[in-house]
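Subject: Handing over the model

Hi,

Here is the structure I promised to pass on. Please open it next to this email and follow along as you read.

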Amino acid sequence: QVQLVESGGGLVQAGVSLRLSCAASGRTISSCTMGWFRQTPGKEREFVAAINWGGRWSDRGAYYLDAVKGRFSIARDAAKNTVYLQMNSLKPEDTAVYYCAAADRWGSSSRRVDFYDYWGQGTQVTVSS
């Protein structure tokens with residue numbers, strides 16, 4: 001079992017940066033695909049970013065929602081068992097609850113909600129114009 005706790009959300013103005021953290025406990029995430037999703041009221045949970053450092057070479061790397069490419073960056077600190085989402089040049093449309101997720105597998109389906117086994121409780125990000 002993996003427990004995930006997100007932090008770093010808040011209320012910010014458009015154009016600034018935030019860094020979300022996802023601290024994992026229970027066991028190492030070294031064999032997990034890690035992802036970030038977001039959700040707004042009345043909408044389905046949306047893929048934001050994922051990082052895959054195992055499995056087939058063709059599946060390894062970081063993946064992003066087109067709308068955040070060039071602004072967001074996902075990274076892992078293995079020593080801290082933590083994954084980060086650096087969010088730059090925030091826009092009002094980035095407002096959402098952001099969730100961290102972990103999957104006990106590698107693969108090319110890391111954009112899918114049902115690919116993941118563990119979820120955090122979410123952290124609110126609100127971007128004002």
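Below is what I found, going from the whole chain down to single residues.

A word on the ground rules: this is a predicted model, where local features need pLDDT of at least 70, side-chain atom pairs count only at pLDDT 80 or more, and totals for chains, interfaces and linings use all residues. Residues are numbered from 1 along each chain as its sequence is written, and side-chain values use heavy atoms, with hydrogens and water left out.

**The whole chain**

What is the chain built from? It has 0 helices and 11 strands. (Helices are DSSP runs of H or I with at least four residues, strands are runs of E with at least two, and both are numbered from the N terminus.) The C-alpha atoms fill a box of roughly 40 × 30 × 30 Å along the principal axes. The radius of gyration is 14 Å, which agrees with the value near 14 Å for a compact globule of 129 residues. That radius is taken over C-alpha atoms, and the globule rule is 2.2 Å times the number of residues to the power 0.38.

Buried residues make up 44% of the 129. Buried means under 20% relative accessible area, exposed means over 50%, and partly exposed is in between, using a 1.4 Å probe and protein chains only. The chain exposes about 6400 Å², and carbon and sulfur atoms supply 49% of that. (Accessible areas come from the Shrake-Rupley method with a 1.4 Å probe, and for residues only the protein chains shown count as cover.) Now take the contacts between residues at least 6 apart in sequence: 60% of them join residues at least 24 apart. Contact means heavy atoms within 4.5 Å.

Two strands pair if DSSP finds at least two bridges between them; β1 and β3 (residues 18-25) have 5, in the antiparallel sense. Ser-7, for example, has Ser-21 in β3 as its bridge partner.

Then look at β11 (residues 123-128). Which of its faces is covered? The one with Thr-123, Val-125 and Val-127, while Gln-124, Thr-126 and Ser-128 form the uncovered face. Strand β2 (residues 10-13) runs parallel to β11, joined by 4 bridges, and Gln-13 is partnered with Ser-128. With β9, β11 pairs in the antiparallel sense over 3 bridges, and there Tyr-98 stands opposite Thr-123.

**Salt bridges**

The count comes to 7 salt bridges, each being a side-chain nitrogen of Lys or Arg within 4 Å of a carboxyl oxygen of Asp or Glu. Asp-66 forms one with Lys-69, the closest N and O atoms being 3.2 Å apart, and Asp-66 is exposed at 60% relative accessibility. Glu-46 and Arg-38 meet in another at 2.8 Å, N to O. There, Glu-46 is partly exposed at 32%, whereas Arg-38 is buried at 6%.

The side chains of Asp-94 and Arg-71 also meet at 2.8 Å, N to O. This pair links distant parts of the chain, 23 residues apart: Asp-94 is in the loop between β8 (82-87) and β9 (96-103), and Arg-71 in the loop between β6 (61-64) and β7. Both Asp-94 and Arg-71 are buried. Shared partners join Arg-38, Glu-46, Arg-71 and Asp-94 into one salt-bridge network.

Asn-88 is found in the loop between β8 and β9 and is partly exposed at 28% relative accessibility. Leaving aside neighbours within four places in sequence, Asn-88 is in contact with Val-16, Ser-17, Arg-71 and Phe-72.

Ala-50 lies in β5 (residues 46-52). Is Ala-50 buried or exposed? Ala-50 is buried, with a relative accessible area of 0%. Not counting residues up to four places away in sequence, its contacts include Met-34, Tyr-63, Ile-74 and Tyr-116.

Happy exploring!
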